[in-house]
Amino acid sequence: MNENVPSRAASSGASRIPAPERRTNFLWLFQPLIVLAAAFVWLLTTNPLTSFNNGAPPVENLTVERTILDQQGLRLLVRAGGSEPMTIAQVQVDAAYWEFTQDPAGPIERGDTAWISLAYPWVLGEAHLITFVTNTGAAFEHAISVAVPTPVASKGNLASQGMIGAFVGILPVAVGLMFYPALRGAGPSTMNFLLAMTVGLLGFLLVDTLEDAMEFAGEAAAIFQGQAMVVLAAAASFLLLMAISRREGRPTGLALATYIALGIGLHNLGEGLAIGAAFAAGAAGLGTFLVMGFTLHNITEGVGIAAPILKVRPPLSTFAGLALLAGGPAVVGIWVGSLAYAPQWSALALAIGAGAIVQVIVEVSVYMARSGRGAKELVAPAALAGLFVGIAFMYLTAMLVKI
């Protein structure tokens with residue numbers, strides 16, 4: 001038996017790659033990189049593309065990411081996305097040329113941003129059209145639908161926005177969670193109904209989130225590849241959360257409720273960004289009826305979070321944490337959206353929220369199947385009724401907040 005030991009050691013040693021050979025293999029990794037670098041050097045030094053130059057100007061693209069209106073006039077953050085550095089030669093406001101300053105000055109490199117400032121006496125409540133003209137003659141327009149002062153980071157503004165965010169985000173989730181005691185005695189059919197209703201409301205939120213994400217992606221600079229960014233971010237969010245949730249098996253009970261609250265919270269973050277951006281742009285004013293509509297629209301979110309924990313007795317602090325996790329991001333979103341809005345960040349936040357919602361839909365569906373009769377539980381009458389009620393309630397209440 002001892003005779004086999006040397007042979008095993010020998011075979012193990014034979015399978016190892018000698019150190020000189022490992023160094024040689026490592027050096028071989030640089031060969032394709034050296035060839036690629038040489039190709040780039042040749043391209044830059046010889047510039048064979050000059051033979052295709054027929055005098056046409058370079059492709060130019062300009063996107064306005066932020067607009068600030070204050071007593072000094074207008075300030076706009078623009079991002080260049082053309083094939084070459086671009087120079088803004090003139091700026092028109094309502095078809096009249098105005099002097100402007102640019103920071104930083106000079107041509108704007110591809111993907112870079114610059115602030116354009118104009119001492120323009122904008123009129124409260126009026127619409128204004130800004131046109132940027134480059135040195136090649138290309139023109140890019142940006143419309144200000146309603147001119148209102150841009151919110152500043154003051155205690156009063158932040159407190160007011162935080163109150164609205166809490167009213168449309170935290171309050172409805174907390175109200176939905178208050179149904180927990182009344183639902184604790186729910187039988188299997190009622191539990192199935194509530195979980196299916198959760199899937200229904202999340203399904204509506206998924207469609208709504210993706211629609212908004214694609215809309216913001218279309219407003220972002222082309223360099224961000226908006227639609228591809230949304231799809232990739234949603235897929236990455238889904239896979240990451242699935243990997244985290246499955247580390248210790250399939251989530252149930254409080255763990256599943258936490259994931260539901262997280263998915264809803266990420267959606268509310270994107271929703272808050274949109275509301276904050278609308279405030280900053282003067283595109284929408286939240287009246288009392290609209291705030292009530294948002295609140296009614298989000299109440300079922302709390303019921304959906306409570307559904308997986310009806311068989312346990314968590315402390316009150318757990319309910320407070322779940323309400324903050326699901327509704328608190330709406331407050332943060334309104335603050336960020338009103339003070340530092342950019343369409344690509346709204347699209348990214350909504351895409352991450354969409355991926356989280358898909359993960360929760362999968363986990364809740366699996367939980368329903370495992371708790372009942374397998375896949376048949378998903379098409380039981382109670383489940384189909386809950387799915388319909390969840391979608392219908394979200395759809396009908398969404399009519400109150402669509403303007």
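Visitor: How do you know that the span of H7 agrees with its number of residues?
Guide: The expected span of a helix is 1.5 Å times one less than its number of residues, so the 20 residues of H7 should span 28 Å, and because its end C-alpha atoms are 28 Å apart, the two agree. Helices (H or I, at least four residues) and strands (E, at least two) are DSSP runs, numbered from the N terminus. This is a predicted model, in which local features need pLDDT of at least 70 and side-chain atom pairs count only at pLDDT 80 or more, while totals for chains, interfaces and linings use all residues. Residues are numbered from 1 along each chain as its sequence is written, and side-chain values use heavy atoms, with hydrogens and water left out.

Visitor: What describes the packing of helix H6 and helix H7?
Guide: Two packed helices are described by the angle between their axes and the distance between the axes. For H6 (residues 188-219) and H7 (residues 226-245) the angle is about 145° and the axes are 8 Å apart; axes are lines fitted to C-alpha atoms, for helices over the stretch in contact, and angles run from 0 to 180 degrees between N-to-C directions.

Visitor: Which residues make that contact?
Guide: Leu210, Ala213, Met214 and Ala217 of H6 meet Gly226, Gln227, Val230 and Val231 of H7, where contact means heavy atoms within 4.5 Å. By class, the contact of H6 with H7 has 6 nonpolar, 2 polar and no charged residues; Ala, Val, Leu, Ile, Met, Phe, Trp, Tyr, Cys and Pro count as nonpolar, Asp, Glu, Lys and Arg as charged, and the others, Gly among them, as polar.

Visitor: Why is Thr198 called buried?
Guide: Buried means under 20% relative accessible area, exposed over 50%, and partly exposed in between (1.4 Å probe, protein chains only); Thr198 has a relative accessible area of 1%, and is therefore buried. Thr198 lies in helix H6 and, leaving aside its neighbours within four places in sequence, is in contact with Ile260, Gly304 and Ala307. The buried residues of H7 include Gly226, Met229 and Val230, and of the 403 residues of the protein, 43% count as buried.

Visitor: What makes strand E1 and strand E5 edge strands?
Guide: An open sheet is formed by 4 strands in the order E1-E2-E6-E5, with antiparallel pairing. Strand E1 (62-70) and strand E5 (101-103) each have a single partner strand, so one side of each is left without a neighbour in the sheet. From one strand to the next, the twist averages 20°.

Visitor: How do you know that E5 pairs with strand E6?
Guide: Two strands pair if DSSP finds at least two bridges between them, and 3 bridges join E5 to E6 (residues 113-118), the two running antiparallel. Asp103 stands opposite Trp115 in E6.

Visitor: Which strands form the sheet that holds E7 and E8?
Guide: That open sheet has 4 strands in the order E4-E3-E7-E8, paired antiparallel, and its edge strands are E4 (96-98) and E8, each pairing on one side only. Between strand E7 (residues 128-134) and E8 there are 6 bridges, and Phe140 in E8 is the bridge partner of Phe132. E7 and E8 form a hairpin with 4 residues between them, and Gly137 in the turn has a positive phi of about 95°.
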